[in-house]
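Please open the model in your viewer and keep the sequence panel beside it. The tour begins with the whole chain and then moves on to a few selections.

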Amino acid sequence: MATSELPDSRTEDDGSAVLRVMSYNVRSLRDDENALARIIRACAPDVVFVQEAPRFFRWRKHAARLAAKSGLFVLGGGAPAAGPLLLCSLRATVERTEDVLLPLTPGLHRRGLATAVVRFGTARVGLISCHLSLRKDERYAQAGMVLDRVAALGTPYTLVAGDLNERPGGPAFTRLTGRLQDGWEAAPWGGEYTSIPADPHQRIDAILATPGVEFLGCGVPPHLDPADLLAATDHLPVLAAVRVPATG
């Protein structure tokens, strides 16, 4: 399949919403920001779950610039969430946002979650962007905290996406997929491996969803400019098309 063969964003006659959602670790915008923006625009997402967004000096300006170059808007996250960020299109009606800091383990990076509740027409959905720890035990605990946050959002459907720092079958990945659908497993499309761009050999980034969300395709988009993929950051993007049912 080509990227364009994923369904376009739309609202169905029954009120359900077809969304294009993307997860992307942008390595604090230390690489080619213009290449990064071209990749995001080529994928035409409604929502981008960003990891490693700028967190320090003038981080808001950097996040807003990336959003503008990508034709999107900052929804939430960034420094207050310790790196995860949410971008969205004007198609989203924002109900609320919340940035969540996870417990700090001394000597390790602070982690957090960028969360939001949005509506696309009559389809109401929670969003969580995450970046889990490099350390196995902390990563497993954080996976449980992500699931707790899914429950706390109080939405009928939720999308969780991010850099899990673990391959499928690992304890944290398995903890998440015990309650959430794995987009690649549900509807594989494009490429599987997300790291590293020069030699993709492992899948450590994922888009997940609660039961009831239908995956129409999920994977690394094919036919994006290879030079841009290499220049943009040290991960490959994950793109999915999902159908979110209307909320009564």
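A contact here means heavy atoms within 4.5 Å. With the whole protein chain of this predicted model selected, contacts between residues at least 6 apart in sequence are the ones to consider, and 72% of them join residues at least 24 apart.

Switch to a cartoon view, where the protein chain shows six helices and 13 strands. Its radius of gyration is 16 Å, close to the 18 Å that the globule rule gives for 248 residues, so the chain is as compact as a globular protein of that length. Along the principal axes, the C-alpha atoms fill a box of roughly 50 × 40 × 35 Å.

Now colour by burial: buried residues account for 56% of the 248 in the protein chain. With the surface turned on, the chain exposes about 10100 Å², of which carbon and sulfur atoms supply 52%. Colouring the charged side chains brings up 27 positive and 27 negative ones, with the centres of the two sets 7 Å apart.

Next, select residues 112-120, which form strand β7; eight of its nine residues are buried, so the strand is largely enclosed by the rest of the structure.

Phe-120 has Ala-123 in β8 as its bridge partner. Finally, zoom in on the hairpin of β7 and β8, where two residues lie between the strands and Gly-121 takes a positive phi near 65°.

How values were computed. Residues are numbered from 1 along each chain as its sequence is written. This is a predicted model: local features need pLDDT of at least 70, side-chain atom pairs count only at pLDDT 80 or more; totals for chains, interfaces and linings use all residues. Side-chain values use heavy atoms; hydrogens and water are left out. Helices (H or I, at least four residues) and strands (E, at least two) are DSSP runs, numbered from the N terminus. The radius of gyration is taken over C-alpha atoms; the globule rule is 2.2 Å times the number of residues to the power 0.38. Buried means under 20% relative accessible area, exposed over 50%, partly exposed in between (1.4 Å probe, protein chains only). Accessible areas come from the Shrake-Rupley method with a 1.4 Å probe; for residues, only the protein chains shown count as cover. Lys and Arg count as positive and Asp and Glu as negative; His and the chain ends are not counted. The place of a charge is taken as NZ of Lys, CZ of Arg, CG of Asp or CD of Glu. Two strands pair if DSSP finds at least two bridges between them.
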